[in-house]
Amino acid sequence: MQACRILQSQGLGSRRDCRELIRRQRVLFDGVPVSDPEREFPCENLTFSVDGETYRYREHAYLVLNKPAGYECSRQPQDHPSVFALLPEYLLRRGVQCVGRLDQDTTGLLLFSDDGRFIHDHTAPKKQIGKTYRITCKHAFPPALIEQLLAGVQLHDEPAPLRARQCRAMSEHRLEMTINEGKYHQVKRMIAAAGNRVEALHRQAIGGYALPVDLAPGAWKWLEADALDVLKSPLS
Ligand code: URA
């Protein structure tokens, strides 16, 4: 691919801006200065740097963010800052989108991608990918709450009861629950339908992929091949 197209595809600017960056010798490809914007490079395993910052060529962007409370999963947020404000400009220019949404007060695992197929596969209701939440309930709950959630609870606007795929108590007030769907406020509504109330909600895992322990609230990182294998596995 041409040097200027490579930069553009990775979100470094418009075609014109990228040509200019190269002409002004601000770009190195695999450590070597390049000043011809039309020069061709193989993209596989390519690294390049712009003004000293190094990037790896990636055909698609796949990211994980540890969402803090008080951020909306929207590019046009209404009442809180946007989760997109936590990502660098070059990723926004690539057009990354949230893979599903979390409420503004929910924390934890949020994926982003610019791969339409990946986004579809992880949000389509048919795919039944488990989403695991850690829930702090307002009231201490009896064991019957877990049985109720596993058996299914009826929400007002749903044709049939929604049941948890997995549910276990972590303490008197804390539950871990996995659901297959991703309906609007689903966890909060399920817990309310079972007679309790969510005080705090944290997404811990999607399929077999858990939020990395070293990812601080507000931080993001690339999903590398091992994480993508887990997320793309049919067992998710
Ligand atoms: N269920 C909810 O109620 N809120 C979320 O943010 C995610 C799942």
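Mentor: Start with a definition. A salt bridge is a side-chain nitrogen of Lys or Arg within 4 Å of a carboxyl oxygen of Asp or Glu. By that rule the structure holds 16 salt bridges. Bear in mind that this is a predicted model.

Trainee: Why is the pair of Asp103 and Lys188 called a salt bridge?
Mentor: The closest N and O atoms of Asp103 and Lys188 are 2.8 Å apart. The cut-off is 4 Å, so the pair qualifies.

Trainee: Where in the chain do Lys188 and Asp103 sit?
Mentor: Lys188 is in helix α6, residues 186-193. Asp103 is in the loop between β6 (97-98) and β7. The two are 85 residues apart, so the pair links distant parts of the chain.

Trainee: Is Asp103 buried or exposed, and how do you know?
Mentor: Asp103 has 19% relative accessibility. Buried means under 20%, so Asp103 counts as buried.

Trainee: What makes Lys188 partly exposed?
Mentor: Its relative accessible area is 22%. The class runs between 20% and 50%, so Lys188 belongs there.

Trainee: Which residues form salt bridges with Glu176?
Mentor: Arg134 is one, with the closest N and O atoms 3.0 Å apart. Arg168 is another, at 3.3 Å, N to O. Both values are within 4 Å, so both pairs pass.

Trainee: What does the pair of Glu176 and Arg134 tie together?
Mentor: Glu176 lies in strand β10 (residues 174-179) and Arg134 in strand β8 (residues 131-137). The pair therefore ties together parts that are 42 residues apart in sequence.

Trainee: How are Glu176, Arg134 and Arg168 classed by accessibility?
Mentor: Glu176 has a relative accessible area of 9%, under 20%, so Glu176 is buried. Arg134 is at 25% and counts as partly exposed.

Trainee: Now the domains. How is the protein divided?
Mentor: Into domain 1 (3-56), domain 2 (62-124 + 211-231) and domain 3 (130-206). The C-alpha centres of domain 2 and domain 3 lie 23 Å apart. Their contact takes 14 residues from domain 2 and 9 residues from domain 3.

Trainee: How much area do domain 2 and domain 3 bury between them?
Mentor: About 930 Å², with 45% of it on carbon and sulfur atoms. On the domain 2 side, Asp103, Leu109 and Leu211 supply 43% of the area buried against domain 3, more than any other three residues.

Trainee: Which polar links cross between domain 2 and domain 3?
Mentor: The rule finds 2 salt bridges across the interface. There are 8 residue pairs in polar contact. Strand β7 (residues 107-113) gives the largest share of the domain 2 side, 5 residues.

Trainee: What about the largest nonpolar core?
Mentor: That core has 54 residues. Those with the most contacts inside it are Phe29, Phe112, Ile135, Leu149 and Leu175. Helix α1 (residues 3-9) contributes the largest share, 4 residues. Apart from this core lies another, of 16 residues, among them Tyr62 and Ile206.

Trainee: Which residues does Phe29 touch?
Mentor: Leaving out residues up to four places away in sequence, Phe29 touches Ala3, Ile6, Leu7, Val34, Phe41, Leu46, Thr47 and Phe48.

Methods: Residues numbered from 1 in each chain as written. Predicted model: local features only at pLDDT ≥ 70, side-chain atom pairs only at ≥ 80, totals over all residues. Heavy atoms only, no water. Core = buried A, V, L, I, M, F, W, Y, C linked by side-chain atoms within 4.5 Å. Buried < 20%, exposed > 50% of the residue type's maximum accessible area, 1.4 Å probe, protein only. Contact = heavy atoms within 4.5 Å. Domains from an automatic or database assignment. Buried area = accessible area lost by both parts, 1.4 Å probe. Polar contact = N/O pair within 3.5 Å; in protein donor to acceptor, adjacent residues only side chain to side chain.
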